[in-house]
Amino acid sequence: DRGARRQESTAMSVAQALYRSMWRWVRSPAVRCNPHFALPLDKLPASVVRAAERLESPRGAAGSRELLRLAWREAASTSGEAATAAELDDAFRVLRVLGELGEELEALQKKRASNAWRVGVEMRIGEVVRHSQYGYRGVVLGWDRKAEVDVSGWDGLRKSSRGGDQPFYRLLPDYTDCAELLGGPREVKYVAQENLERLPPRYTRVHHPALLSPGAFLRYDATAAAFVPSDELAYEYPGSRSPGSRSPGPESPESDGPLGADGAEAGEAGAAVAEAARTVEAAVTRASQQLRDFVAAVDQQQMQQQAQARERPGYQAEAGYGAEEAAPGAAESEGSEAEAAQAGAR
C-alpha cells in the first residue's frame, strides 16, 4: 500500500508539473499575442481532439486555455494505474506539440513585427495585379522585402537593375491566364515588384482553387476590388485588411489586432482605437471647417475695407497709384521674359 501511495503521489507530482508547464506556454508572449492560431489537432492525442471538437475547434490563447482545462478535468476523472500512465503519456505528447507550436508562433511574431514596416512595399495582401511582361494576373498572398531565392538567372529580370534587391511577392495566379499564356496552370508565382502592375477593377476577377482555402482569403470584396485576407494572413501582414473587412463571428477583431493582445482584449482594443480614430477625425473636420470659415470672413472683411477706401476722395494719390508707377512693373516683366528667352537659348 505504501508503494502504491508513493507511486500515486509521484504521478500526481508529474501531472502537476506538466499542467504548470502547459499553463506557462499559454501565457508566453508569442502565444498570448496571437488570437488567431489554430492548434495542430492532427498531432494531438485522441482524447484532446475529442475535447477540442466539443469546443468547436478553439483558436488562439483563449481557446487553448479552455481546451487545457477541459482535457485535464477529463483526465482527472480516470482511475487505475494503466489509465493514469496513458494520461501522462498523452500529456507529455501534448507538451512536445505545444513546444513546437510555440517556436512557430515566435517566428511568426518576429515576422509580423518586420512586416509592419512597409516602406518600399507597394502591393497589398489580397490585391489583384498583373505581370507586366507575361500578362497573367494573380492575387498577392505574401511578400518578402528582398528575394529569398537566387533570381540572378531569371528571364524576367535580365534587364533589371535591382535584381533581387527589391520586394518580391507570392501570387496565386489566375488559372485561365496561366493556361492561355504559360501553357498550363500554376500554383504559386514569385514575382519582383518592378514586374507587377495594378489593374482596373473590371479585371480583378480571377480564379484559383486555393483562393478561398483556410488561411488564405475570406471572400472577394467588390467595393475594394480585392480579396479579404483571412485572420491568419491579416495577422502575419499587419495593415493588410481594410476597415470593415472582417471574418464573421462575434469574436473576430475589427482589424488585424495590436502586436500585443489576445482574444477579446484584441477586439476591445481594436474597437476602442477605431472609435478614438473616428472622434479625432470628426474633431479635425470641424476644426478645418472653422478655420476655412474664419479665413473666408477675414478675406471678406479686407475686401470690404478696400472697397470703402477706394470710394474716399484722393485714394489713388494716397496709395501712390499713377501712370508713372506702372512703367517699372512693365520693364521688370519684360526683363523676366528676356532672361527666360536667354535661358532657353543657352
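A polar contact is a pair of N or O atoms within 3.5 Å; within protein, one must be able to donate a hydrogen and the other to accept it, and residues adjacent in sequence count only if both atoms are side-chain atoms. The legends below concern a predicted model, in which local features need pLDDT of at least 70, side-chain atom pairs count only at pLDDT 80 or more, and totals for chains, interfaces and linings use all residues. Residues are numbered from 1 along each chain as its sequence is written, and side-chain values use heavy atoms, with hydrogens and water left out.

**View 1. Glu236 and its polar contact with Lys111.** Glu236 belongs to helix H7 (residues 231-236); helices (H or I, at least four residues) and strands (E, at least two) are DSSP runs, numbered from the N terminus. The side chains of Glu236 and Lys111 form a polar contact of 2.9 Å. With residues up to four places away in sequence left out, Glu236 touches Leu108, Lys111, Arg112 and Asn115, where contact means heavy atoms within 4.5 Å. Glu236 counts as buried because its relative accessibility is 17%; the classes are buried under 20% relative accessible area, exposed over 50% and partly exposed in between (1.4 Å probe, protein chains only).

**View 2. Arg241 in the loop between H7 and helix H8 (263-310).** The side chain of Arg241 reaches the backbone oxygen of Ser230 at 3.0 Å. A polar contact of 3.0 Å also joins the side chains of Arg241 and Asp231. Arg241 is buried, with a relative accessible area of 7%.

**View 3. The largest cavity and its lining.** The structure holds 1 cavity of 30 Å³ or more, and the volume of the largest cavity is about 40 Å³. On a 1 Å grid over the protein atoms alone, a cavity is a set of points where a 1.4 Å probe fits but cannot get out, and lining residues have an atom within 4 Å of a point. Grid points are joined across faces, edges and corners, and a volume is the space filled by probe spheres set on the points. The lining consists of Asn115, Arg118, Arg124, Ile125, Trp143, Tyr237, Pro238, Gly239 and Ser240. By class, this lining has 4 nonpolar, 3 polar and 2 charged residues; Ala, Val, Leu, Ile, Met, Phe, Trp, Tyr, Cys and Pro count as nonpolar, Asp, Glu, Lys and Arg as charged, and the others, Gly among them, as polar.

**View 4. Ala225 in the loop between strand S6 (217-221) and strand S7 (226-229).** Although Ala225 is not a glycine, its phi is positive, at about 55°. Most residues other than glycine have a negative phi. Ala225 is buried, with a relative accessible area of 13%.

**View 5. Ser21 in helix H1 (residues 2-26).** The side chain of Ser21 makes a polar contact of 3.2 Å with the side chain of Arg24. Ser21 and Leu98 are 77 residues apart along the chain, and their C-alpha atoms are separated by 10.0 Å.

**View 6. Ala46 in helix H3 (residues 46-54).** Ala46 is partly exposed, with a relative accessible area of 47%. Ala46 and Asp90 are 44 residues apart in sequence, with a C-alpha to C-alpha distance of 8.9 Å.

Note on methods. 1 Å grid on protein atoms, 1.4 Å probe; cavity = no way out; pocket = protein on both sides within 12 Å on 5 of 7 lines; lining within 4 Å.
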